[in-house]
Each structure stands twice: as C-alpha cells, then as structure tokens.
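Colleague: I have a chain to go through before I set anything up. Can you put it on screen and take my questions?

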Amino acid sequence: MPKNFELTQNYPNPFNSSSKIKFTIPIVGEGLALPERVTLKVFDILANEVSTLVDEEKPVGSYEVTFHTENKNLQLTSGVYIYRLQINDRTFSKKMLLLP
C-alpha cells in the first residue's frame with residue numbers, strides 16, 4: 001500500500017497527441033484506506049481550465065490517466081499546460097509541453 005502522495009511527470013513530455021499522467025493516493029492517518037475525492041484537471045498557461053480528466057472518489061492505490069488532445073471539443077495550441085491533482089485538501093501541479 002502506498003505511503004506518500006505522488007504526481008509524476010507526464011510521459012512523454014513534450015508530447016503531441018496524448019500523454020500519460022500517473023498519481024498515487026496513499027493510506028492516511030492510522031492506516032485508513034478510505035476513498036478520497038480526487039480531481040485531475042489540465043489548464044492553459046493563463047489558468048483557463050482545458051480538461052477535467054478525473055473527478056470522483058478513488059480508493060488508495062496508483063492510477064494512470066491519458067490526456068488526449070485529439071478531442072474534437074479541444075482547440076489546443078502548442079505551448080505549456082499545467083496539470084493539477086487535488087486530493088481532498090492537498091494540491092499538486094506539474095507542467096507539460098504540447099508540440100504540433
């Protein structure tokens with residue numbers, strides 16, 4: 001069982017059409033393995049929300065999510081994007097680079 005929160009760097013980075021993001025939800029407190037409220041969102045460099053990848057309760061464990069830029073609703077340009085993981089009151093962020 002994981003013991004630390006973790007948000008890894010997306011892979012590949014820079015990326016073109018898709019990139020994988022991994023994160024870990026650990027046991028908290030006295031060995032509690034209760035589901036945690038998790039959101040994983042992508043923002044452009046101006047802090048505009050681009051996509052919500054996860055928005056649900058998840059149990060302790062390790063997860064991998066794929067961010068696809070081919071979505072017809074997304075009109076993304078090349079540049080830096082921020083992905084932010086929020087688990088209850090904890091927040092983690094990293095940068096990723098989209099290339100044409």
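Modeller: A term to start with: buried means under 20% relative accessible area, exposed over 50%, and partly exposed in between, with a 1.4 Å probe and protein chains only. By that rule, 36% of the 100 residues of the chain count as buried. This is a predicted model, where local features need pLDDT of at least 70 and side-chain atom pairs count only at pLDDT 80 or more, while totals for chains, interfaces and linings use all residues. Residues are numbered from 1 along each chain as its sequence is written, and side-chain values use heavy atoms, with hydrogens and water left out.

Colleague: How many helices and strands are there?

Modeller: The chain has 0 helices and 7 strands. Both are DSSP runs numbered from the N terminus, helices being H or I with at least four residues and strands E with at least two.

Colleague: Which strands form the open sheet, and in what order?

Modeller: The order is S4-S3-S6-S7, with antiparallel pairing. Two strands pair if DSSP finds at least two bridges between them. Strand S4 (49-58) and strand S7 (90-98) are the edges; each has a single partner strand, so one side of each has no neighbour in the sheet.

Colleague: How many bridges join S3 to S4?

Modeller: 8 bridges, with S3 covering residues 36-44. Thr-39 sits opposite Asp-55 in S4.

Colleague: Different topic. How many aromatic pairs does the rule give?

Modeller: The count is 3 aromatic pairs. Rings of Phe, Tyr and Trp (its six-membered ring) pair if their centres lie within 6.5 Å; planes under 30 degrees apart are stacked, over 60 edge-to-face, the rest tilted. One of them is Phe-23 with Tyr-63, stacked at 5.4 Å centre to centre and 25 degrees between the planes. Phe-23 is in strand S2 (residues 18-25) and Tyr-63 in strand S5 (residues 61-68), 40 residues apart.

Colleague: Are Phe-23 and Tyr-63 buried or exposed?

Modeller: Phe-23 and Tyr-63 are both buried.

Colleague: And how many salt bridges in the whole structure?

Modeller: The search finds 5, each a side-chain nitrogen of Lys or Arg within 4 Å of a carboxyl oxygen of Asp or Glu. Among them, Glu-64 meets Lys-20 at 3.7 Å, N to O. Glu-64 also bridges to Lys-22, with the closest N and O atoms 3.6 Å apart. Glu-64 lies in strand S5 and Lys-22 in strand S2, so this pair ties together parts 42 residues apart in sequence.

Colleague: What about Glu-56?

Modeller: Glu-56 forms a salt bridge with Lys-58, closest N and O atoms 3.3 Å apart. Glu-56 is partly exposed at 37%, whereas Lys-58 counts as buried at 15% relative accessibility.
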